[in-house]
Amino acid sequence: MKPVPFREVLEKKDFIVTVEVAPQKGTNTGKAISHINLLKDRVDALNVTDNQSSVMRYPSVGMCLLIKENGGEPVMQATCRDKNRLAIQADLLFASSRGINNVLCLTGDAIDVGDHTQAKPVFELDSVQLINLVNTLNSGKDMAGNELNGKTDFCIGASATPSSDPVEPQLLKFRKKVHQGISFVQTQAVYDIDELKRFIEYARKLDGGMKILAGIVPVISARMAEYMNANVPGIFVPDTLITELKNTPKGEGIKKGIEIAARFIRQIKDEKVCDGVHIMFIGREERIPEILEASGLWA
Amino acid sequence: MIVAERKPFEEIWNMISHYNRILVLGCGTCVTICWAGGEKEVGILASQLKIAGEKNNELIITESVPERQCEIEMIQELKDKEGNIDAILSMGCGAGVQTVAGIFTDIPVFPALNTTFLGMPEAEGLWVEMCSACGDCYLAYTGGICPVTRCGKGLLNGPCGGTRKGGKCEIDPEKDCAWVLIYRRLEKLSMLDLMEQYREPKNYRAVKRPGIIRATAR
Ligand code: SF4
Ligand code: SF4
């Protein structure tokens with residue numbers, strides 16, 4: 001079955017589901033391919049991280065190719081951390097020439113959180129400029145204004161952080177991304193429906209025409225939730241969820257996390273809060289089908 | 001001002017231990033203010049060297065602190081010492097070390113400091129980086145707060161998604177997120193429209209490194 005281009009999915013589908021997949025560190029692609037085959041027909045797109053958490057890995061574009069070869073629809077993440085404008089553009093041209101037509105434009109995590117902490121952080125562009133750049137390549141020109149021999153045709157996405165404190169500077173940056181022209185937005189992981197609704201209401205007013213996918217990361221223990229609240233920027237797990245996790249019998253954390261995530265997804269879908277979800281369960285990709293099943297998305 | 005920190009003694013000693021007559025050369029300007037290479041620090045390093053080399057009877061440590069190590073005239077005045085020393089240990093910034101090396105052409109010059117940044121003293125004993133000498137100053141758009149330097153990622157269009165609770169930086173929770181500071185300052189000045197504007201990618205070649213400026217008039 002030929003996958004539906006993500007751009008078409010965004011236009012036509014009522015409830016969009018994407019999942020995040022992370023390439024391995026090394027050349028053995030076996031596990032990546034098994035994740036791809038497990039998920040490709042159940043979701044609208046597989047979204048591949050780019051040296052996620054500043055940990056050096058197999059490249060995003062490489063795993064996107066594997067997804068193409070195995071009959072899935074990839075979204076390539078592109079960050080500004082590791083490449084200057086020449087390298088970013090060259091990568092995008094390559095991806096486009098191989099039928100990878102979706103790109104999620106991100107700033108990228110700090111070098112300091114990764115495994116090559118002495119690397120030179122590039123950040124020559126920021127995410128707003130990266131979105132502008134992809135739109136420029138789509139128009140048939142490069143960043144320096146030169147004519148391209150064959151233009152790109154990317155469907156462009158961006159991220160948003162609805163629960164930042166303070167939130168105003170984040171919203172301002174988000175507006176700038178929208179103004180540059182994006183087709184979809186993925187939020188940072190959200191757990192609080194009211195917070196999500198407030199953000200969606202705000203984003204809709206900007207009238208960028210983009211589809212909004214709520215970020216879903218299952219929390220599998222009260223400890224993880226408390227840790228995330230204290231340390232992970234832009235994440236807020238409400239107390240009620242923490243209590244629910246605390247009352248979960250030992251050994252059933254993952255099951256509980258999946259159940260909570262599925263419940264949240266169902267609520268988003270039933271109440272038509274936004275256009276879909278983006279599920280991130282890195283390291284536990286093989287359990288994503290359980291989330292899909294429990295939320296009624298396993299078609 | 002230029003801010004620097006002294007290298008660990010062991011590293012310094014490894015560079016210099018096989019020389020006998022060593023001039024420890026400080027600088028009376030920036031590195032004096034940041035407690036790295038002024039008269040006091042020159043004295044401390046000279047004593048450490050004497051202690052470490054106490055078994056070497058031929059070891060002679062001399063000290064000198066010109067007002068500015070990065071001025072040819074001020075270093076030229078010391079040139080007559082060259083015949084009496086085997087090596088110079090400079091406690092100036094990187095520009096100072098190289099100025100000295102350009103004049104003392106017959107003996108090696110070693111750096112005793114790590115030059116770290118352009119900044120200012122924010123409190124007693126606390127120096128913070130303020131400028132990266134990018135050659136294309138943005139401060140007019142950012143309420144006088146440098147995003148190139150004070151944002152951990154040098155972003156130009158607003159904060160990354162990593163800003164921590166209370167407006168702290170993703171990279172270091174001890175530091176403020178520069179973009180939260182910029183936002184608050186521009187808000188206070190009713191100039192937030194400046195942050196709303198799209199900033200083009202930076203010209204990273206505004207200064208063609210190595211930078212040279214030739215005055216056309218004075
Ligand atoms: S923008 Fe920042 S780095 Fe560039 S000159 Fe101004 S203060 Fe210095
Ligand atoms: S948290 Fe703020 S200062 Fe730190 S890297 Fe992100 S935008 Fe820059």
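Angles here run from 0 to 180 degrees between N-to-C directions, along axes fitted to C-alpha atoms. The model is predicted.

**Exercise 1.** Which strands of chain A does helix H10 (residues 253-270) lie across, and at what angle does it run to E7(A)?

*Solution.* Step 1: find the strands. H10 of chain A lies across strand E7 (211-216) and strand E8 (276-279). Step 2: compare directions. The helix runs at about 160° to E7(A).

**Exercise 2.** In what order do the eight strands of chain A close into a barrel?

*Solution.* Step 1: recall how strands pair. Strands of a sheet pair through backbone hydrogen bonds, either parallel or antiparallel. Step 2: follow the order, which is E1-E2-E3-E4-E5-E6-E7-E8, with parallel pairing. From one strand to the next, the twist averages 25°. Step 3: take one pair. E1 (residues 16-21) and E2 (residues 45-48) of chain A are parallel and joined by four bridges. Val21(A) faces Val48(A) in E2(A).

**Exercise 3.** Describe how helices H1 (residues 9-16) and H3 (residues 39-52) of chain B pack.

*Solution.* The angle is about 65° and the axes are 11 Å apart. The crossing of H1(B) past H3(B) is right-handed. Step 2: list the residues in contact. H1(B) contributes Phe9(B), Ile12(B), Trp13(B) and Ile16(B), which meet Leu45(B), Gln48(B), Leu49(B) and Ala52(B) in H3(B). Step 3: sort them by class. The contact has seven nonpolar residues, one polar and no charged ones.

Methods
Residues are numbered from 1 along each chain as its sequence is written. Chains are lettered from A and ligands numbered from 1 in the order in which they are written. This is a predicted model: local features need pLDDT of at least 70, side-chain atom pairs count only at pLDDT 80 or more; totals for chains, interfaces and linings use all residues. Side-chain values use heavy atoms; hydrogens and water are left out. Helices (H or I, at least four residues) and strands (E, at least two) are DSSP runs, numbered from the N terminus. A crossing is left-handed if the near helix is turned anticlockwise from the far one by less than a right angle, and right-handed if clockwise. Contact means heavy atoms within 4.5 Å. Ala, Val, Leu, Ile, Met, Phe, Trp, Tyr, Cys and Pro count as nonpolar, Asp, Glu, Lys and Arg as charged, and the others, Gly among them, as polar. Two strands pair if DSSP finds at least two bridges between them.
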